[in-house]
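Visitor: I would like to learn how to read helix packing and pockets in a model. Can you take me through a case?

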Amino acid sequence: MRLGEIAIREEHEFTKEQLQNLFLSVEWSSGHYPDRLVVAMRNFETVYAAWDGEKLAGLICAMDDGSMTAYVHYLLVRPECQGKGIGKALVERIKERYADYLRIVVVAYDDEMGFYEHCGFEKASHSSPMFITSLWT
């Protein structure tokens, strides 16, 4: 799929530099663990990457149970690539991939709620995300 000059494709193999640069561009602490990110991308069930030429512009990753529920774990787009429809296009790919599932779940930071609502997600009124983590973002 192409979105202007952006190509979106499913893949699982990235260099640690590609992942580190992308994650740190949005100030996510995961970017400080590039070796772990490489392993994580190989192990996610679904990964769609957005490429601006040779530059990794964004990606979305999901885990699933094979039948009922898919969990979007990462969705990030480089700041200089935001506002071009890349994030929405990545979410649409996930929605297509998991169209037969009963639920697609995402944990959104408060300042990103509007984006996810625009993509069709609804805020749960009866639950809140909880974490055990050493990551700070």
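This is a predicted model: local features need pLDDT of at least 70, side-chain atom pairs count only at pLDDT 80 or more; totals for chains, interfaces and linings use all residues.

Visitor: How are two packed helices described?

Guide: The general idea uses the angle between the axes and the distance between them. Here H1 spans residues 16–25 and H2 spans residues 34–43. Their axes come within 8 Å and cross at roughly 105°.

Visitor: Are H1 and H2 roughly parallel or roughly perpendicular to each other?

Guide: Angles of 65 to 115 degrees count as roughly perpendicular. H1 and H2 are therefore roughly perpendicular to each other.

Visitor: Now a single residue. Where is Glu45 placed?

Guide: Glu45 sits in the loop between H2 and strand S3, residues 46–52.

Visitor: Which residues does Glu45 contact, leaving aside neighbours within four places in sequence?

Guide: Glu45 is in contact with Glu10, His12, Ala62, Asp64, Arg97 and Tyr98. Look at Asp64: Glu45 and Asp64 are 19 residues apart along the chain. Their C-alpha atoms are separated by 6.9 Å.

Visitor: On to pockets. How much space lies in the largest pocket?

Guide: About 1600 Å³. The lining has 46 residues. Val72, Val106, Val107, Ala108 and Pro129 lie nearest the centre of the largest pocket.

Visitor: Which elements give two or more residues to that lining?

Guide: They are H2, strand S5 (69–77), strand S6 (103–106) and helix H4 (113–118). S5 gives the most, with five residues. By class, the lining of the largest pocket holds 29 nonpolar, nine polar and eight charged residues.

Visitor: What volume does the second largest pocket have?

Guide: The volume is about 370 Å³. This pocket is lined by 16 residues, and Leu75, Leu76, Val77, Gln82 and Phe115 are the closest to its centre.

Visitor: Which elements supply at least two residues each to the lining of the second largest pocket?

Guide: S5, helix H3 (86–97) and H4 do. The classes in this lining are nine nonpolar, four polar and three charged.

Terms used:
Residues are numbered from 1 along each chain as its sequence is written. Side-chain values use heavy atoms; hydrogens and water are left out. Axes are lines fitted to C-alpha atoms, for helices over the stretch in contact, and angles run from 0 to 180 degrees between N-to-C directions. Helices (H or I, at least four residues) and strands (E, at least two) are DSSP runs, numbered from the N terminus. Angles under 35 degrees count as roughly parallel, over 145 as roughly antiparallel, 65 to 115 as roughly perpendicular and the rest as oblique. Contact means heavy atoms within 4.5 Å. On a 1 Å grid over the protein atoms alone, a cavity is a set of points where a 1.4 Å probe fits but cannot get out, and a pocket is an open set with protein on both sides within 12 Å along at least five of seven lines; lining residues have an atom within 4 Å of a point. Grid points are joined across faces, edges and corners, and a volume is the space filled by probe spheres set on the points. Ala, Val, Leu, Ile, Met, Phe, Trp, Tyr, Cys and Pro count as nonpolar, Asp, Glu, Lys and Arg as charged, and the others, Gly among them, as polar.
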